Amino acid sequence: MDSQDTVRHRGGDERDAATTATAETDRKHADDNNKGQRDQKRAMAKRGLKSLTVAVAAPVLVMLFETYFLGGYGSRARSSSWIPPPWVLHVTRLASSGLMGLAAWLVWVDGGFHKKPNALYLYLAQFTLCLLWGPVTFLVGSGLAGLVVWLGQSAALFGCYKAFNEISPVAGNLVKPCLACTAFVAAVNVKLAIA
């Protein structure tokens, strides 16, 4: 009887060892899978951070370039006490460009530009018109032409707001301060047109 108990006991130990080994192997595979998933998530996060950086920095850098080479009000606007210093207008336009870049990135992440290509066209139109406003208003010196460019930009920006808000409400909310910035630019433009 002792020999049978020993055999049974040994068999039980072998089964327990086999079960433990299987459990350890399963744990190692699960850890490897989790590590692979973590690596994939890190890679996706790095790509997302890079695309976010490009989406925000590109419009801001283009606007900085335009501001550096084409900035300033000219001598005719300095006589008005209401018009703010040029740096206020430039900072406002830079902030608006950065917010619009962030909003566009949020829409892109949600696949909104594929679902609604008009959102991309409206974004590009408002950005192009925003870039044109400074040279038309200050270099050409036409406040009236600047108002026409501003009107086109405002219409495109409002279209962006509606399209972005349908895709991502957060992106739509980011466009709201940009609409306020265009109102400020319009006030400056009207004062320049009258001056």
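## A helical stretch to start with

Over residues 90-108, the chain is 100% helix and 0% strand, and its end C-alpha atoms sit 27 Å apart. Helices here are DSSP runs of H or I with at least four residues, strands are E runs of at least two, and both are numbered from the N terminus. This is a predicted model, so local features need pLDDT of at least 70 and side-chain atom pairs count only at pLDDT 80 or more, while totals for chains, interfaces and linings use all residues. Residues are numbered from 1 along each chain as its sequence is written, and side-chain values use heavy atoms, leaving out hydrogens and water.

UniProt, in an unreviewed entry, lists "transmembrane region" at residues 51-70, 90-108 and 120-141. Those positions follow the numbering used here, the feature names are shortened, and annotations may be inferred rather than shown by experiment. Take residues 51-70: that span is also 100% helix and 0% strand, with its end C-alpha atoms 28 Å apart.

## The whole chain

What does the protein chain look like from end to end? It has six helices and zero strands, so reading along the sequence gives you α-α-α-α-α-α.

Of the 195 residues, 35% are buried. Buried means under 20% relative accessible area, exposed means over 50%, and partly exposed is in between (1.4 Å probe, protein chains only). The accessible surface of the chain is about 11900 Å², with 64% of that belonging to carbon and sulfur atoms. Areas like this come from the Shrake-Rupley method with a 1.4 Å probe, and for residues only the protein chains shown count as cover.

Now for contacts, meaning heavy atoms within 4.5 Å. Among those with a separation of 6 or more, 76% join residues 24 or more positions apart.

Start with F65, which lies in helix α1 (residues 2-70). Is F65 buried or exposed? It's exposed, because its relative accessible area is 54%.

S96 is in helix α2 (residues 86-109), and it counts as buried because its relative accessibility is 9%. Leaving aside residues up to four places away in sequence, S96 touches C178 and C181.

A183 counts as partly exposed because its relative accessibility is 43%.
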